[in-house]
Amino acid sequence: MAAATVGAGSVTADFSDLRGIKKQLLDVAERSRERGLQHSGKWASELAFALDPLPLNELSPAPVLTEEDARDLDAYTLAKSYFDLKEYDRAAYFLRGCKSQKAYFLYMYSRYLSGEKKKDDETVDSLGPLEKGQVKNEVLRELRVELSKKHKARELDGFGLYLYGVVLRKLDLVKEAIDVFVEATHVLPLHWGAWLELCNLITDKEMLKFLSLPDTWMKEFFLAHIYTELQLIEEALQKYQSLIDAGFSKSTYIISQIAVAYHNIRDIDKALSIFNELRKQDPYRIENMDTFSNLLYVRSMKPELSYLAHNLCEIDKYRVETCCVIGNYYSLRSQHEKAALYFQRALKLNPRYLGAWTLMGHEYMEMKNTSAAIQAYRHAIEVNKRDYRAWYGLGQTYEILKMPFYCLYYYRRAHQLRPNDSRMLVALGECYEKLNQLVEAKKCYWRAYAVGDVEKMALVKLAKLHEQMNESEQAAQCYIKYIQDIYSCGEIVEHLEVSTAFRYLAQYYVKCKLWDEASACAQKCCAFNDTREEGKALLRQILQLRNQGETSSTEIATPFFLPSSLSANNTPTRRVSPLNLSNITP
């Protein structure tokens, strides 16, 4: 099998026969439902719904039963009715000895789900959600032995391989699980569950390159999904756009994934707009609504978040997403105990729900319960090692505990997952500063500015670092860049550090005997309450020095001028040359 080419460009798979693709989707949706794989069936059905309806003469006929299917039909029909009512042990009991692929899968899957249900039931009342990960599914080892024999004898179909992979993953046999899931995608490329499980085990793009994947149109959906998960958002958006162009423009799944992608790069306005459009198309949708609520939370949109929480409660109050939305609502109202309670409810419903662990960690941080926050973040990482928010949260908790070496480790991990997120870089820089590794701190702050500083603090921190190291020219340069950025993006100049920047520049220009520039900066200082008196004092000093006949110095060569036209109504606009740290990453 040739290794898959992982490209970010246009779709390479053949999407010319959309009718054929729709038939395949309808077929795999039915086969998934027959085996109790409801989520895979739903995904295929939603995607099929986005394509044009098929005429009657093109609808697939009912599948032909084999002798084994016919022999097991009665037992399968009875067991499936028990399975649908979540009576898993009862379903498995009546499927013992069945030979057909469909009945055998349902037999093994019933046993697996029975073990999972018992594990959850055991913990849901006796232990809090923080200890949930300690209880194991006792059936997994037996299932592994049986499925392993079938696998060696090559008797497993695509669904059987998928279940074998799930069992291996649950036993933390990650390498073997990846191999089995890859095999499952070759045997049954249309089963989305196998692709999704594979996606959850891939940690970086390098790992993805070495996977041997089937060359099928399903691979494009997988690549778009994994790019979103790996924070390769530009590539993910290109893939989704290509899929829309190929004929899936009505797919609510693709629309929701695009919204999640914009959420991941913090393009909040775009993400909110897409989620609002999605709600119009699919008003009873609950998937991804917790992500939507995160955006509303960040924007402090209390009425909208309240409406979303009430709406989801009416649809289904016992869904993890609903609990997370309600938790976010209470968090926005600063009712952190109630918020944590709802995140705990979400985890009782699904202990592997990543978002709830991370959000619960945030709530414990707000309540100053650092030990519980650490536990919650660690559980989030156990569920998904790619969750940068959990690594970042752990860094913050250890920062509060004044353990800089620990928080440096966690901030580094967060930075590896989000190399172009300025918040991670600023946090790293602050950490290095506390450890007195000032050169590393400077690199971090400069890099944070270079990738687009979200909070507009990197340059100020870099300037103060230069100031501390008596590198006055570099400090002045950073303050000028900072002022230019603040004014150019049209923010209200009540930014805390603007006055600090003008004060430093005024003092710097006085030292350089550049009276016009010093006077302009001192006048700016007078506009701020905290530097008004210093600004007036500097203006008097400048006037006095000028009257004494001191001329501008030619001994100190400095390129760091503010424009001569700077007045009370003008702001600096000239760009200055960057420092030499631009290509260095921490």
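This is a predicted model: local features need pLDDT of at least 70, side-chain atom pairs count only at pLDDT 80 or more; totals for chains, interfaces and linings use all residues.
How do the residues of the lining of the second largest pocket divide into nonpolar, polar and charged?

View 1. The lining counts 23 residues. They divide into 10 nonpolar, seven polar and six charged. Tyr297, Val298, His362, Arg389 and Arg423 lie nearest the pocket centre. Helices H15, H17 (320-332), H19 (354-366), H21 (388-400) and H23 (422-434) each supply at least two residues of this lining.

**View 2. Helix H15 (residues 289-298) against helix H16 (residues 302-316).** The two axes come within 9 Å and cross at roughly 160°. That angle makes H15 roughly antiparallel to H16. The crossing is left-handed. H15 makes the contact through Met289, Phe292, Ser293, Leu296 and Tyr297. H16 brings Glu304, Leu305, Leu308 and Leu312. By class, this contact has seven nonpolar, one polar and one charged residues. Tyr297 of this contact is also among the residues nearest the centre of the second largest pocket.

**View 3. Helix H17 packed with helix H18 (residues 336-349).** Here the axes come within 7 Å and cross at roughly 170°. H17 and H18 are therefore roughly antiparallel to each other. On the H17 side stand Val320, Cys323, Cys324, Ile326, Gly327, Asn328, Tyr330 and Ser331. They meet His336, Lys338, Ala339, Tyr342, Phe343, Arg345, Ala346 and Leu349 of H18. The contact has 10 nonpolar, four polar and two charged residues. H17 also supplies at least two residues of the pocket lining in View 1.

Conventions. Residues are numbered from 1 along each chain as its sequence is written. Side-chain values use heavy atoms; hydrogens and water are left out. Axes are lines fitted to C-alpha atoms, for helices over the stretch in contact, and angles run from 0 to 180 degrees between N-to-C directions. Helices (H or I, at least four residues) and strands (E, at least two) are DSSP runs, numbered from the N terminus. Angles under 35 degrees count as roughly parallel, over 145 as roughly antiparallel, 65 to 115 as roughly perpendicular and the rest as oblique. A crossing is left-handed if the near helix is turned anticlockwise from the far one by less than a right angle, and right-handed if clockwise. Contact means heavy atoms within 4.5 Å. Ala, Val, Leu, Ile, Met, Phe, Trp, Tyr, Cys and Pro count as nonpolar, Asp, Glu, Lys and Arg as charged, and the others, Gly among them, as polar. On a 1 Å grid over the protein atoms alone, a cavity is a set of points where a 1.4 Å probe fits but cannot get out, and a pocket is an open set with protein on both sides within 12 Å along at least five of seven lines; lining residues have an atom within 4 Å of a point.
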